[in-house]
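User: I have a protein model to read. Please walk me through its architecture in short steps.

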Amino acid sequence: MAVEEARIELVPVKTHIVTKRDNIVDVIEKYAGPNMGPDDVVSVAESVVAITQGRYRRPEEMSPSILAHVLARFVHRDSSCSSACGMQATIDEGGALRVLFAFVVGGIAKVFGKSGVFYQLAGEQAALIDDVTGTMPPFDKMLVFGPKEPVKVAEAIKARLGCYGAAVADVNDLKRAAVLGVTDGLQPAELARILIHNPFGNASQQTPIVIIKNYAAVAAKRG
């Protein structure tokens, strides 16, 4: 395809049900590899990366503290922290004092019209935890944490597939997109814009991988 004809195309890739017995790089190579080119970027849902790292817990195995129960009542219901277990998971990752501090400061900030401060201060996992029903079966019965070392994961994917780049992304149906880890040469904000409409299918679709076709060619055309 000539550069002037190149355009970005998003290609969701179906996989088997990924578990902690899987290596995410192996999974991507198996399912996305045959359709990858040197100008393409491969992105993978952060929750699936976390699952392969064993970063999930069953709610019935948790005992939320009084603090978790109290704080969860004041969090917007769309947030994973709005459940006692989700808040407890945040406390377990960030520490009780840090989360309490974030809650107090975040509450004050809201009074002055600034939102999102709680998630900025409570630790990176606060915004990444997926509560029950937040990801694909059978893990929709569990709390899934954010992945560890997403940049290293992206680098390993690129090295194996030989593509232009790789990314680990957190995208939902509320048009919120965050790119947690990318390889050199990629701009997280630009990838987030491309993925904003959530082409991933983390439920019955089983498409946690999305190939961004022709990314490098289009970027070169833009200059």
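Analyst: Two strands pair if DSSP finds at least two bridges between them. Helices (H or I, at least four residues) and strands (E, at least two) are DSSP runs, numbered from the N terminus. This is a predicted model: local features need pLDDT of at least 70, side-chain atom pairs count only at pLDDT 80 or more, and totals for chains, interfaces and linings use all residues. Residues are numbered from 1 along each chain as its sequence is written, and side-chain values use heavy atoms, with hydrogens and water left out.

User: In which sense do strand S2 and strand S7 pair?

Analyst: Strand S2 covers residues 41-45, and strand S7 covers residues 209-213. Ser 43 has Val 210 in S7 as its bridge partner. Four bridges join S2 and S7, and the sense is antiparallel.

User: Which strands stand at the edges of the sheet?

Analyst: The sheet is open, has five strands and mixed pairing, and its order is S1-S7-S2-S5-S6. Each edge strand has a single partner strand, so one side of it is left without a neighbour in the sheet. These edge strands are S1 (9-13) and S6 (177-182).

User: At what angle does helix H8 run to S6?

Analyst: Axes are lines fitted to C-alpha atoms, for helices over the stretch in contact, and angles run from 0 to 180 degrees between N-to-C directions. Helix H8 (residues 188-195) lies across S1, S2, strand S5 (165-171), S6 and S7. Its angle to S6 is about 135°.

User: Is H1 parallel, perpendicular or oblique to H7?

Analyst: The axes of helix H1 (residues 24-31) and helix H7 (residues 150-161) come within 10 Å and cross at roughly 40°. Angles under 35 degrees count as roughly parallel, over 145 as roughly antiparallel, 65 to 115 as roughly perpendicular and the rest as oblique. That makes H1, relative to H7, oblique.

User: How many charged residues are in the contact of H1 with H7?

Analyst: Contact means heavy atoms within 4.5 Å. Ile 24, Val 25, Asp 26, Ile 28 and Glu 29 of H1 meet Val 153, Ala 156, Ile 157, Arg 160 and Leu 161 of H7. Ala, Val, Leu, Ile, Met, Phe, Trp, Tyr, Cys and Pro count as nonpolar, Asp, Glu, Lys and Arg as charged, and the others, Gly among them, as polar. The contact has seven nonpolar residues, no polar ones, and charged residues numbering three.

User: How far apart are the axes of H4 and H5?

Analyst: Met 87, Thr 90, Ile 91 and Gly 94 of H4 make the contact with Ala 96, Arg 98 and Val 99 of H5. The two helices pack at an angle of about 120°, and the distance between their axes is 7 Å.

User: Where is Glu 149?

Analyst: Most residues other than glycine have a negative phi. Glu 149 is not a glycine, yet its phi is positive, about 50°. Its place is the loop between strand S4 (143-144) and H7.
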